[in-house]
Amino acid sequence: LLHDLKKGKMSKLFIIANRLPVTVEETAEGNFYRQSSGGLVSAISAYLRLEDSNQFTKKIWVGVSECAERVWASAESVTPPEYDFKPVFVPPKLYEHYYNGFSNSVLWPLFHYFPSFADYQPSYFEGYLKVNAKFASELERILDPKDTVWIHDYHLLPLAAMLRKKFPQLTIGFFLHIPFPSYELFRVIPREWQHELLSGMLGADVIGFHTEDYLQHFLTSVRKVIKARIDHRTISWDGRDIQIGDFPIGIDYNKFQGASSDHGVLTKRSEYLRSKLDKRLIFSVDRLDYSKGVFNRLKGYREFLVQNPHYKEKVVFALVIVPSRDTISKYAERKKLIDEYIGNFNSRYGNINWQPVIYQYGHLSFEELVGMYTACDLALITPLRDGMNLVAKEFVASRRDRQGVLVLSEMAGAANELTEALLINPNDRKEIAKMIKIGLEMTPDEQERRMTAMQKRLQEYNVVTWAKEFFTALARISSEQMKKEPL
Ligand code: GDG
């Protein structure tokens, strides 16, 4: 009790992520906040809307603003948000080095096992540290030592240690949304940087990963690079104990189950069902990213058509690619290659009446997304590497009819939980082809059996369970830490 009193119950929660969950839209009527989408934003906003997060006196999301300070200041809120925003303004050149540079041209490719795509420019790393220091100095002005800070993702690996220096008592959690790679990959980063990144993460009290494998890889790197003492899931470093845990991120299950009977979703669903006529429908949606395995997917589908010519004109593959990071050359090049590949595919395998691939390069509205999840016969999700993959979980949660088949790459974190999916190796196009056929021919009873098992798991371990488990671990360690301090 004394420790509770000492810490006080009036704690604010700071969510710290690269981007804010809103963008400011400039219109003739004025500037308005608009909610943005993406894996991290969907998960954290779902938690912040819930009762459980009201244990904090205030909830503040801190992230880089996509617009200039002047535009931000002139924006009006359309719907009152459940939490506050604290924008961090970063000059464009510096942001370029931090975001397109170190975050997405070093850490992202390396952590997704694309070492040849990494570009180790010292200026990128300098920019990365500078932006992290900028976050730290902005936070120092508004933080109280009894607050709780939850830092997210690979853009902010050094931040926990920067904050720890200023606030030794602060409760800090860190969660990594992408894989942590094997030490053999991590060690290719210049040694000094390795040390800075790992010791940066160790500034937190709890460090969370999606899977046990990522956690083990991290421990190996800490053992080799930092030489800290490790006892099972506790690291002792710099006079403190740090807890490591696997917390597979969940989704807002009820939102997706409920959405399948929304008027807007049902309208979209019937539109899609009408336009596919008597054809079977395969669906996929992801950001334009080399880690998502779009070519492997298309090659697997082509193999399926070659091996099963009687499916020609009886199946269509709706492939949606959402623009992402298009100012990075590796991403822009990929867009061109995909366009060409699909053009060739359709002209060689299709005819005047039928296109085997329907391709959209653009964002779907929520109604279109769930309309597609519920109209398709099969979701084809084939990343080469993926921290978790929320699309797979959302597809399963949307299927109130308990029909539909999920073909999922075993390289996605989600494969650990969605074991009733048809799991494939994304490099094995013959296996992809085989599973498409098995999936399209699966009996309704078998589809229902698999869907029911997966839905039960997703309903039990949803986004709230995920956040609660993380906060429970954080509360436990911060109270233990406090017991050690003199009263
Ligand atoms: C990172 C990790 C990890 C996508 N397209 C549209 C749309 N989305 C929404 C989906 C889903 C989210 O964006 C994508 O989440 P993913 O998990 O599939 O992928 P990343 O963006 O790479 O997320 C990933 C995640 O963080 C969470 O930890 O699972 O491994 O890479 O929610 O629904 N939403 C709408 N239209 C679209 O066109 N409305």
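The model on display is predicted.

**First stop: helix α8**

Select residues 191–201, which form helix α8. Begin with Arg191 and Glu192: these exposed residues sit on the face of α8 that is turned away from its buried side. Next, select Leu197, Leu198, Gly200 and Met201, which are buried. These four lie on the same side of α8, because they cover an arc of only 160 degrees around the axis. An α-helix has 3.6 residues a turn, so residues three or four places apart point the same way.

**Second stop: aspartate 238**

Move to the loop between β11 (234–237) and β12 (240–246), and select aspartate 238 there. Most residues other than glycine have a negative phi. Aspartate 238 is not a glycine, yet its phi is positive, at about 60 degrees. The residue is partly exposed, because 13 other C-beta atoms lie within 10 Å, a count that falls between the limits for exposed and buried.

Finally, go to the loop between α15 (390–398) and β17 (405–409), where arginine 402 is found. Arginine 402 also is not a glycine and has a positive phi, of about 55 degrees. Is arginine 402 buried or partly exposed? Arginine 402 has 15 C-beta neighbours inside 10 Å and therefore counts as partly exposed.

Key
Residues are numbered from 1 along each chain as its sequence is written. This is a predicted model: local features need pLDDT of at least 70, side-chain atom pairs count only at pLDDT 80 or more; totals for chains, interfaces and linings use all residues. A residue is buried if 20 or more other C-beta atoms lie within 10 Å of its own, exposed if 12 or fewer, and partly exposed in between; C-beta atoms are placed from the backbone. Helices (H or I, at least four residues) and strands (E, at least two) are DSSP runs, numbered from the N terminus. The arc is that of the directions from the helix axis to the C-beta atoms.
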